[in-house]
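The report below describes one protein assembly, part by part. Please keep the sequence and the three-dimensional view at hand while reading.

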Amino acid sequence: MTLLSIRDLSIALPLGADRLYAAKNINFDLASGEILCIVGESGSGKSMSANAVMGLLPQGVEPDSGSITFDGQSILDLSENELLKLRGSRISMIFQEPLSALNPLMRVGAQISEVFEAHGALTGAERRARALKLLDEVGIPDPEAAIRAYPFQLSGGQRQRVMIAMALALEPDILIADEPTTALDVTTQAQILALIEDLRKKRGMAVIFITHDFGVVADIADRVIVMKKGEIVEAGRAPDVLLNPQHPYTRALIDAIPRLTKTEPVEEVERAPLLKVEGLQKTFSTGSGTLFGKRRVVKAVQDVSFDLYAGETIGIVGESGSGKSTVGRCLVRLLHPDGGRVLMDGVDIAHMSGAELHAQRRKLQMIFQDPFSSLNPRARVSRILTEGMIAYGMPDKEAKAKARELLELVGLDETAMKRFPHEFSGGQRQRIGIARALALEPAIIIADEAVSALDVSIQAQVLDLLAELKERLHLSMLFITHDLRVAARICDRIIVMQKGQIVEAGPVNKVLHDPDTAYTSSLLEAIPGQDYERSLAAANKG
Amino acid sequence: MKSFWTRFSYNRGAVIGLVILTLVIATAILAPFLFPQSPWKMVQRPFLPPFTQDGLPLGTDALGRNVLSGLAHGAYVSLLVGLVSTIVALAIGVPVGAAAGYFAGRTDDALMRFTEFFQTIPSFALAIVLLAIFQPSLTFVIIAISIVSWPPVARLVRGEVLSLRTREFVEAASLSGLGNLQIILRHILPNALPPIIVLASLMVAQAILLESSLSFLGLGDPNIMSWGYMIGAARTVIRTAWWLSFLPGMAILLTVLALNLIGEGLNDALNPRLTRKSE
Amino acid sequence: QDGTPKAGGTLNVVIQPEPPSLMIGLVQNGPTQMVGGDIYESLLRYDFDLKPEGQLAESWEISEDGKTYTFKLRKGVVFHDGEPFTSADVEFSMDKFLRETHSRMRTYMEHVESIETPDDYTVVFKLKQPFGPFIGIFEAGTAPMIPKHIYEGTDFANNPANNTPIGTGPFKFDKWEKGSFIHLVKNEDYYMEGKPYVDEVYYHVIPDAASRAVAYETGKVDVLPGGSVENFDVARIQAMDNTCITDKGWEYFGPLSWMWVNNDNKPLDDVKVRKAIMHGIDREFAKDALWNGLGKVATGPLSSSTRFYDGDTPDISYDPDQAKALLAESSYNGETIRILGLPYGETWQRWAEAVKQNLSEIGMTTEIVPSDVAGWNQKVADRDFDLAFTYLYQYGDPALGVSRTYMGDNAAPGSPWNNVADYQNPETDKLFDAAALMASPDDRMAAYKTIQDKIVEDVPNIWLLELGFPTIYRCDVKNPVNTAFGVNDGFRDVWIDK
Amino acid sequence: MIRFILGRLIKAVFILLAILVFNFLLIHAAPGDPAAVMAGEAGAADEKFLADLRANFGLDQPLYVQLWLYIKGAVQLDLGYSFRQQMPVAEMIGDRLPATLLLTGVAFVLSLVLGVAAGVAASARQGRWGDTIISTFALLFYATPLFWVALMATLVFSVWLEWLPGFGYSTIGAGYTGLAHVLDVAKHLVLPASTLGLFFTAIYMRMTRASMLEVSRLDFVKTARAKGLSRGVIQRRHILRNALLPVITLAGLQAGQIFGGAILTETVFAWPGIGRLMFEAINQRDYNVILGVFYISAAMVLLFNLITDVIYVIVDPRIRLTT
Ligand SMILES: Nc1ncnc2c1ncn2[C@@H]1O[C@H](COP(=O)(O)OP(=O)(O)OP(=O)(O)O)[C@@H](O)[C@H]1O
Ligand SMILES: Nc1ncnc2c1ncn2[C@@H]1O[C@H](COP(=O)(O)OP(=O)(O)OP(=O)(O)O)[C@@H](O)[C@H]1O
Ligand SMILES: [Mg+2]
Ligand SMILES: [Mg+2]
Ligand code: NI
């Protein structure tokens, strides 16, 4: 039975946007119990199409023509009040931005109960009980505590699960999930996917699932839509599209998927370590957050030691909150480690400060996880790139010339110099971040989830770029990620972290194919789309 | 620079504001040429209503002085008071607030307690006391107004900086080897600008009004014609000659309006996100 | 007196500024005298021509040689607390209390050799030498009768009774809500039959002049004592229904305004400069534009209501041409002259501006120096000015209120009330000394005539106006002003025709 | 939390002391003294009169002794004695405080409620005529001098329309009690409170509007809409609360200025409050009264800053307290 039917939908963008239509001539149907995956490049109109179904397009963005029919009603013709009745109860949505999608000043429990309240379901006590149950179902440890927590007290992954709980609260007919698992580590992701699968089976819930992870698509999709520049370039049953893509863009996408299987073996050369980390410690004490609240102590990093050799890439993987970022930030001294040593060229930089630190710092640079927030919105790219060099004494002119070179190196042309960060796409911004890290000619780069927000084709570009730069500039890299496929693709060695400690470390092929610990095995098992990868591999061979 | 103007002129209110302010500034500069006679000169019988006599389009005040000439000459002082005291207040408040917010911890505590120190005396009373100590010459009026108006700036800037300093782009800048001063100047303050601009445009208005309140209490500089003086002087005759306080009141209102519009326009123009809209 | 007085009713009066205290023996500022004048009384009061009338004294006698003053007191007068008023209270008040606390009284008492009280109702003052003005000092503001039984042997200034003043007057203190009002009630035991007529008096504290006008307009108050509303507003209020106005009641004080001239400063030590200023100021304009046409242009150091006033002094009227000529001849070289304005409201501020403008038109450069009341006092006392606005009371007699301004030996810095201008003229000094001690009014007249001519010739100060402070009241309030002290003399005779 | 409050209170005591010394020196730096002022008002005074007054007021002692005596008293919460008014300063302030608290309190609540409501209304109609009207009025109120508004309000409502009393705290001599008295005071309160409140209403309105618009663009608002919540609920529960922080900062500043803000209003409306007391005391150089008012006002500012910080934490749990 067709539940949702979209015909010739076009969504106009406001004047001055990068193109006229966010989405053009979109057609698809969704039957109950069906899972439809939408994939495509960043900015191709996936989110806008999904928002249109909710009647929640941002200001200035409006449906131009076409129709959306849900259960016999034309959504585009409904009044705001009529829409209110549908939203949250019959159609619900998980938004793309998990970190900012929760009201920071409201307790999690209240935000979930609100869904019931808005639709007059259940009574006070029941709402709470139901909220608890939902939190449990999405796999949040200690729901009793979480229900009383404010969003900022939860990790990114936990927040995303709260969002999911909210969307599932009234067991809607349609769930629209816009990249719901980007911030989750593979095990949690697997758990969420199972939950959705379960609801679909039991309730016949239909799902529109937007993602850039082809592994997920392969695991759950019934049908797939591929979008590019606002148009659907390919649509069909999942196996057809995934294994037998027709459109060149789809093919390019699928080719770009990173593989777990590492082809070339790494040559093992003994060299003196460039960076020697010994017994690194970092403890956070989150002071009294609320009135008369208790002091909470988090041992984010406990006794972490490893060596990094010149020209080597080490991947750090592990569940969300395991201390990966904290290690990275301690190394570049954005955080002050509580204990341990970080030896670079034999000197301990862990406890340096002032001019000494200033001198050492240029050898260690970082690429930040979030390309949006790590670029000053009010600075032009030329300044972002040159100011570091100028700070280290390079004349203006020379710095500018160098910046142009760098832009070329990361695949941007020099007109970029004059533009502001918001004038770039996500992938381009990430490259600016890389160019900035390279500007000071560091010996070591720490990349914190540098590609997790990017769609596979851009992700592939960036990874290629990093690999190439590493070769050319003989860089060492510390690559923090939760995507094991990405780790497999770029790393020489892998460190697996759990609860602030290193549980396993070794060459990439060893760790990913023959792990020593149960924890690593469970991570590997949870990687989505492993069957699909094998089929793809088979198809490629054949 | 060109794109700045394009962006600025995209905001129609801002252009209107700029036109008004330009007129006011022009009047202030040209007053001595337009009205070479002293604005204090008693030229006609007192309390001449507007539009009743040629050459005195806005009538005369309690001593028979030309109101139009007073308005023109007063523009200079009122603008001077408003702009200079705002600049001084910003010059104190922004660094204090930025340092407190950026270095946080002890520095913050010390600077904020220092700010509180100035905050604790009711600002109007402090101005009065300061003017009792130093004679109310224009300079001291400006100094007094500046001294009482910087603490809110410091508090506001601190709040903004406190939240900006944890942003990733600030961390990135410090990784690039920038010093604290450079980080504050180039990365933090530009992003804290919108509320500061709004506040500054409000402060100019407040300073002009404060000067008039002080004049109202007889604490202005009696040797210099200002709008505040005119309102203050006219208030006792408000019942018999309402226009005497209404006219300078309108002048203040228009100027304040213009400044607010410009402030909003500046904000738009300085916001790179709005750039492409106009092109 | 129109009609038969009716008893009852409430009188609402404006008071400005709020007095620091109502204890009239300790504090001599205007508002204290106004309220205190209802509570306290003296031996005499004075009509519009400054002729004495009996108050607590039934009769009085001055000896031929002018050295003995004998007062017969009224019998049956009691203080508000019921204690009888006797000659002992008079002696205590004059000799102990006021000599200690009242600076003007202290100088007057220097002429007194002894005070005798032969019986409870007789007081005899023996003077060292004749002192013409002596009979003019027995008014409530200068010589209030203080209850001996309350104050004797105490620290006068800090006696808690100061907060609940007790006198013999027609009204008793009831309540003072600081910042709002002072409430007096009728003294039922008052010694004059049927008086006072009204049951209670409210003094309303309203700090803003415009609001005081509103208070009258909206019927909240019935009497606006002189200076309550801005001069600019007088004409408008005067035109209201049922509104009467009088400029009487200031004869005793004779408020005369002038600008102190710092005679020690160059170029003001040059009489030509002073004369130029005198002729350069348009006082007629100031009277009309700033004082609503009330008052008179001053002709010299004496107010026309003061005894021994001489209207026939050298001409000092407005004459800018003469002023320019004088200035050209003088030693003035374009120095900036500092004008210290009087911080008593808009009128005075405007006046300083007008003077500044007048002087600039005769070619003088001036600068107005603003200040608050305390700053003004300090600057005048320290002689830190070139020209300084002021006005002073004359207390009916040149020996009481004028000589202090021009006596050469009364010029020490530190006080804003003495010879601030530092005028030094041995000739007039001698005459002032002599005239005060003459017994015959005719002799005194002759002496003061010479003095006035001489002083006007020297122009030590720039005389401005005899100020007119009109009292505005509703016409159905009868007799608010019927002595030379106006509303300060209490509302003993007031009745309301309703 | 308790530690935080205690820490701040202890610091507050030291700040208060420092302020006291500063104020003391400041006040004494102004020309003239209370004795001279009183002599000035008397229109005549001799050396002895002044000397007596000064001795009586304790002004004959060296400045540092006076300062020491004052501080000693202030530490024991003794605000000294007004020699001019013959009354302990604490008692004077106590007499005047309720009137001021009533006036500024009502004005404060009024402006806060009205300003926030208008700001919410304007932001909900962003860009439409409703917004334009509200914003224009706010600007008008903001840019018009307070005393002008006050005089006009008196003229219109008191003189012409005769609806409301134009000055004073209550009808003098009416002897109202109970409810009649309350109503009487309330009537007197309308004009001064609304005059005083207008200015702040305008500021709150602007602040609320800007802040609401800022917040309404945030992602979680979309989440709230996706839940099917109605506009009203979203405005109230989600946007407003998040938009309140800058408003609270401002409210804290205003609350601290509770005395100073009222000088003009109390003068024009003859309101028997602290603002006027302070202004008159400054003019009369009634040192102990000025210092007393400044002292109380400083304590008030420190207290409100502390309360603001605590409210921050209650409203926004992300904010952490650091002493
Ligand atoms: N509020 C907005 N105003 C104007 N244009 C917008 C707005 N939001 C999105 N767009 C534009 O609409 C187009 C489609 O955006 P959309 O968010 O649907 O992309 P997407 O496919 O979800 O991409 P991603 O994978 O990066 O999330 C893009 O060109 C984008 O620039
Ligand atoms: N500034 C901080 N204050 C308090 N606790 C913190 C802070 N930063 C991190 N933590 C805590 O330290 C732990 C490790 O955090 P970290 O950011 O290193 O995790 P991660 O491995 O990078 O996780 P993710 O994959 O979600 O980014 C978490 O429990 C987190 O809550
Ligand atoms: Mg999207
Ligand atoms: Mg991380
Ligand atoms: Ni340019």
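Helices (DSSP runs of H or I, at least four residues) and strands (runs of E, at least two) are numbered from the N terminus. The model is predicted, and local features need pLDDT of at least 70, side-chain atom pairs count only at pLDDT 80 or more, while totals for chains, interfaces and linings use all residues. Residues are numbered from 1 along each chain as its sequence is written, chains are lettered from A and ligands numbered from 1 in the order in which they are written, and side-chain values use heavy atoms, with hydrogens and water left out.

**Annotated spans**

The span 75-105 is one of those that UniProt, in an unreviewed entry, lists as "transmembrane region" for chain B; the others are 12-35, 195-220 and 241-262. For chain D, an unreviewed UniProt entry gives the label "transmembrane region" to residues 12-30, 101-124, 136-161, 189-207, 243-269 and 289-315. UniProt positions follow the numbering used here, feature names are shortened, and annotations may be inferred rather than shown by experiment. The table sets out the computed values for some of these spans.

| Span | Helix | Strand | Distance between end C-alpha atoms |
|---|---|---|---|
| Residues 195-220 of chain B | 85% helix | 0% strand | 30 Å |
| Residues 101-124 of chain D | 100% helix | 0% strand | 33 Å |
| Residues 189-207 of chain D | 100% helix | 0% strand | 26 Å |

Chain B also carries the annotation "domain: ABC transmembrane type-1" over residues 75-263, again from an unreviewed UniProt entry. Across residues 75-263 of chain B, 83% is helix and 0% is strand, and the end C-alpha atoms lie 20 Å apart.

**Chain B as a whole**

Chain B contains 10 helices and zero strands. Along the principal axes, its C-alpha atoms fill a box of roughly 75 × 50 × 30 Å. Of its 279 residues, 62% count as buried, where buried means under 20% relative accessible area, exposed over 50%, and partly exposed in between (1.4 Å probe, protein chains only). The accessible surface of chain B is about 10500 Å², and 68% of this belongs to carbon and sulfur atoms. Such areas come from the Shrake-Rupley method with a 1.4 Å probe, and for residues only the protein chains shown count as cover. Contact means heavy atoms within 4.5 Å. Among contacts in chain B between residues at least 6 apart in sequence, 70% join residues at least 24 apart.

**Helix packing in chain B**

Helix α8 (residues 180-216) of chain B packs against helix α10 (residues 243-270) of chain B at an angle of about 170°, with the axes 9 Å apart. Therefore α8(B) is roughly antiparallel to α10(B). Axes are lines fitted to C-alpha atoms, for helices over the stretch in contact, and angles run from 0 to 180 degrees between N-to-C directions. Angles under 35 degrees count as roughly parallel, over 145 as roughly antiparallel, 65 to 115 as roughly perpendicular and the rest as oblique.

Among the residues of α8(B) that meet α10(B) are Leu193(B), Ile197(B) and Leu209(B), while the α10(B) side includes Ile252(B), Asn260(B) and Leu270(B). The residues of this contact between α8(B) and α10(B) comprise 14 nonpolar, five polar and no charged. Here Ala, Val, Leu, Ile, Met, Phe, Trp, Tyr, Cys and Pro count as nonpolar, Asp, Glu, Lys and Arg as charged, and the others, Gly among them, as polar.

Helix α7 (residues 168-175) of chain B also packs on α8(B): the axes come within 10 Å and cross at roughly 170°. The helices α7(B) and α8(B) are therefore roughly antiparallel to each other. Phe169(B), Val170(B), Ala173(B) and Ser174(B) of α7(B) make this contact with Ile183(B), His187(B), Ile188(B) and Asn191(B) of α8(B). The contact of α7(B) with α8(B) involves five nonpolar, three polar and no charged residues.

**Contacts between chains**

Of the five pairs of chains in contact, chains C and D share the most contacts. Glu280(D) lies in helix α12 (residues 274-284) of chain D. Leaving aside neighbours within four places in sequence, Glu280(D) is in contact with Glu18(C) and Pro207(C). Glu280(D) counts as buried because its relative accessibility is 18%. Chain A and chain C, by contrast, do not touch, and their nearest C-alpha atoms are 43 Å apart.
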